[in-house]
Amino acid sequence: MLSSYVGEETFLLGVSKYLSEHLYGNSVTKDLWEGVREASGLDIPEMMSNWVLKIGYPVVTVEESNDSIRVRQDRFLSTGDPSDKENETIWKIPLNVKTADASSKVSTDRSVVLSEREATISLDTSKPFKLNAQTTGFYRVAYPPERLKKIGEEAAKENSVFSLEDRMGLVSDAMILAKAGISQTSTALDLIQSLKNEKECNQLQKLEKILWEQPEEVRDDFDAFRRALIKPLVDELGYEYSPDDSADTIQLRTLVIAAAADAKDPNVVAELTSRFKHFQETGDDSTIPADLLRTTFINAVRNGGRAEYETVKQVYKNSPTPSAKASA
């Protein structure tokens, strides 16, 4: 966060100054901030004080009009609204406002710092914008549902002004804020739905983690949502691996098949079951790609019975390779 605010080159210069001045000696946290202050000319010790000395971190709530946004900071709690005592801290938050003009030229204003409870920032809200550019800041951002929908639509474009890091931050914030009751779950799911063509493994892994963490009583509905989200990728990538596949393609195929099986997609479950059955009856595991061995075993034990369990147990006890044993 600090490196993004002052610039990486300036931050490293500040670290260099800090290391040089305290070579072979002791130091405290503030000494590093002084080094960065010397390099940047900014009051870094004042900015960083509450970030390292106070408990928690903030959520920034956004309200907007035609030519400005109103932002407010409060302490984020996973249980919802903090009490007055819990909400005493005011952080100095670098908002890193990312905007795009009519030609999709992107710029990030790193000078905007929210240093009080609320502030108004002049901004053309008819153009795409996002706070916490590149998701470098240690805080959550809560947008109005209409704005989050617009951001999601822009993020879903092939040449979006929002990066992978931006998209990961948007999804994480939306789901965590919904879980805390600060925003609506339906709004977060709409965002994820708009990103249904996402093919970046890091993003899909984050989606999977967030969806898996939902309460048991709504898990079936989430599984249906996951199936609708992931199955088209399984159909596109298939089950067979090629020597020509890139590392990203291999990782993506393995991830989406495992996720679809975990979400109980009947076609994926049937395919993996069929491959395991062939192995169980013949001892020939050639129909199970090495990257899908673990997923196939998990699927067999989860959806099978004693026979499937004993087969996987024997693989573990008499495995021909270390990787097969690890998968079992």
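Predicted model: local features only at pLDDT ≥ 70, side-chain atom pairs only at ≥ 80, totals over all residues.

Q: What makes S1 and S2 a pair of strands?
A: Pairing requires at least two bridges found by DSSP. Seven bridges join S1 (residues 58-64) to S2 (residues 68-75), so the two strands count as paired. They run antiparallel.

Q: Which residues of S2 stand opposite Val62 and Val60?
A: Val62 faces Val71 across the pairing, and Val60 stands opposite Gln73.

Q: How many residues lie between S1 and S2 in their hairpin?
A: Three residues separate the two strands of the hairpin.

Q: What makes S2 and S7 a pair, and in which sense do they run?
A: Five bridges link S2 and S7; the criterion asks for at least two, so they are paired. The sense is antiparallel. One of the contacts is between Arg70 and its bridge partner in S7, Thr120.

Q: Why does one side of S7 and of S9 lack a neighbour in the sheet?
A: The open sheet has four strands in the order S7-S2-S1-S9, with mixed pairing. S7 (118-122) and S9 (140-142) stand at its edges with a single partner strand each, so one side of each has no neighbour in the sheet. On average, neighbouring strands of this sheet are turned by 25° against each other, direction ignored.

Q: Why is S2 called mostly covered?
A: A residue is buried if its relative accessible area is under 20%. Six of the eight residues in S2 are buried, so the strand is described as mostly covered.

Definitions and conventions
Residues numbered from 1 in each chain as written. Heavy atoms only, no water. Axes fitted to C-alpha atoms, helices over the stretch in contact; angles between N-to-C directions. Buried < 20%, exposed > 50% of the residue type's maximum accessible area, 1.4 Å probe, protein only.
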